[in-house]
Amino acid sequence: MKDRIIKVGVIGAGFMGAMHARVYQQLYGVEVIGIADPDVARCEALKQWIPAVQCFSDYQEMLALPDLDMVSICTKDDFHLAPALAAAKAGKHIFLEKPIAATLEDGQAIVDAARDAGVRLGIGFLLRFDPRYSRAREIIASGEAGEISHIAARRNSPAIEGPARYGGSLPLPLHVTVHDVDMVLWLLKHTRPVTVYAQTTNKRLGHLGTEDAVFAIIRFADGAVVNLESSWALPAGSRTLLDAKMSILTIGGLFEVECGESGLYYASEEMNRYIDTQHWPLSQGEIKGDLREELMAFISDLRSGGTSVATGEEAGEALRITLAIMDSARSGEIVHV
Ligand SMILES: NC(=O)c1ccc[n+]([C@@H]2O[C@H](COP(=O)([O-])OP(=O)(O)OC[C@H]3O[C@@H](n4cnc5c(N)ncnc54)[C@H](O)[C@@H]3O)[C@@H](O)[C@H]2O)c1
């Protein structure tokens, strides 16, 4: 695999799967040979960028392609287990979108299946590939800024985004907060979380079967405290589609990662908004940003044997803490983790 073309299949051609397919196709030494989605029209639509791709309504048929090296699994949060087990059984390497699964049992089964089959498993926590987060982590890891005292992070978006796609079917913490949970676990890797306390409110979006916001406090064994806020209840006219920020206070410094005001603002007669320059910006006809960096890193891991994307075990831990946030919000109690 070191020097040859890596052949990729994508399972689920919705919002993320379509971007994964296009990004892989942009990469030198990578070819997208199959896309599987019961809604085959979603695959057909991708032929404008990947003309020779084969479309499958059943991912099992795609997994039978002998040339296929790896799959990206981009099905909904609660439908990761079956395609991941099938890919492992077929001996294909797996890049799986976050969260690893919706339950701890599913997450563990995915980790076990990949290990037993001897295939690589990487999980899509793309913030790790935003140089602002990763650079802050490197400076902290060097010892220059001293240890972390506390972190405050928010990840808020308008109701036309998440709830429009997932409202009523996927909980906000599992879908959104898990990004910041993974990031703080990555930043505080030398210690471990000990307690979680959370509250939610659903005054605005309760009728859609979802929370407006979740607020969570995580305490770590070394005394660090983390405060997370996630919401998808901002009004449609919000000037950002994703208002995300993280402040990290260390003994010797302060880091502020500002993602809401993207550096590209656009106002017209119809809109008034910051345009994404972070995750998947379109530029010069290609999808760039941290998603592309992350998928490139997984390809590079396959070639080199390295581990630069989040592992299944790390994603299992992010899931465990996120489920504790949901438990605490339900019970109103502090949860010992
Ligand atoms: N990293 C990020 O920032 C980010 C952002 C959004 C979504 N995600 C993750 O990506 C994943 C997919 O989310 P999405 O927004 O693209 O969802 P989506 O609903 O847009 O797409 C899911 C696709 O899966 C397809 N599907 C359903 N059953 C299938 C089957 N049996 N075989 C193959 N395909 C099947 C659906 O037809 C649909 O096209 C989720 O895990 C989500 O959390 C990550």
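Helices (H or I, at least four residues) and strands (E, at least two) are DSSP runs, numbered from the N terminus. I start my notebook with that, since both words come up below.

**Ground rules.** I am looking at a predicted model, where local features need pLDDT of at least 70, side-chain atom pairs count only at pLDDT 80 or more, and totals for chains, interfaces and linings use all residues. I number residues from 1 along each chain as its sequence is written.

**UniProt spans.** I looked up the record; its positions are in the numbering used here, feature names are shortened, and annotations may be inferred rather than shown by experiment. For residues 133–238, UniProt lists "domain: GFO/IDH/MocA-like oxidoreductase", from an unreviewed entry. I find 28% helix and 36% strand over residues 133–238, with the end C-alpha atoms 24 Å apart. The annotation "domain: Gfo/Idh/MocA-like oxidoreductase N-terminal", also in UniProt as an unreviewed entry, covers residues 6–125. Residues 6–125 are 38% helix and 24% strand, and their end C-alpha atoms lie 22 Å apart.

**Domains.** I then checked the domain division, whose bounds come from an automatic or database domain assignment. Domain 1 runs over 6–119, and domain 2 takes in 128–280 + 318–336. Their C-alpha centres are 27 Å apart. Twelve residues of domain 1 are in contact with twelve residues of domain 2 (contact: C-beta atoms, placed from the backbone, within 7 Å). On the domain 1 side, H1 and helix H5 (104–117) are the elements that give two or more residues. I count seven nonpolar, one polar and four charged residues on that side of domain 1. In this scheme Ala, Val, Leu, Ile, Met, Phe, Trp, Tyr, Cys and Pro are nonpolar, Asp, Glu, Lys and Arg are charged, and the others, Gly among them, are polar.

**First sheet I traced.** Seven strands make an open sheet of mixed pairing, in the order S3-S2-S1-S4-S5-S6-S17 (two strands pair if DSSP finds at least two bridges between them). Its edge strands, S3 (54–56) and S17 (310–311), each pair on one side only. Strand S6 (residues 121–124) pairs with S17 in the antiparallel sense over two bridges, and Ile123 stands opposite Ala310 in S17.

**Next sheet.** Here I read the order S12-S11-S7-S10-S9-S8-S18, seven strands in an open sheet with mixed pairing. Strand S12 (253–258) and strand S18 (335–336) are the edges, each pairing on one side only. Seven bridges join S9 (residues 213–220) and S10 (residues 225–234) in the antiparallel sense; Ile218 has Val226 in S10 as its bridge partner.

**Ligand.** I find 24 residues around the ligand, the closest being Gly12, Gly14, Phe15, Met16 and Glu97 (a residue is near a molecule if its C-beta atom, placed from the backbone, lies within 6 Å of it). Helix H1 (residues 15–26) gives the largest share of this shell, three residues. By class, the shell holds ten nonpolar, six polar and eight charged residues.

**Backbone details.** I noted a cis peptide bond between Lys98 and Pro99, with omega about -15°. Pro99 sits in the loop between strand S5 (93–97) and H5. Gln284 is a residue other than glycine with a positive phi, near 55°, in the loop between strand S15 (282–283) and strand S16 (286–287). Helix H10 (residues 312–331) has 20 residues and reaches 28 Å from its first C-alpha to its last, close to the 28 Å expected at 1.5 Å a residue (1.5 Å times one less than its number of residues).

Definitions and conventions. Two residues are in contact if their C-beta atoms, placed from the backbone, lie within 7 Å.
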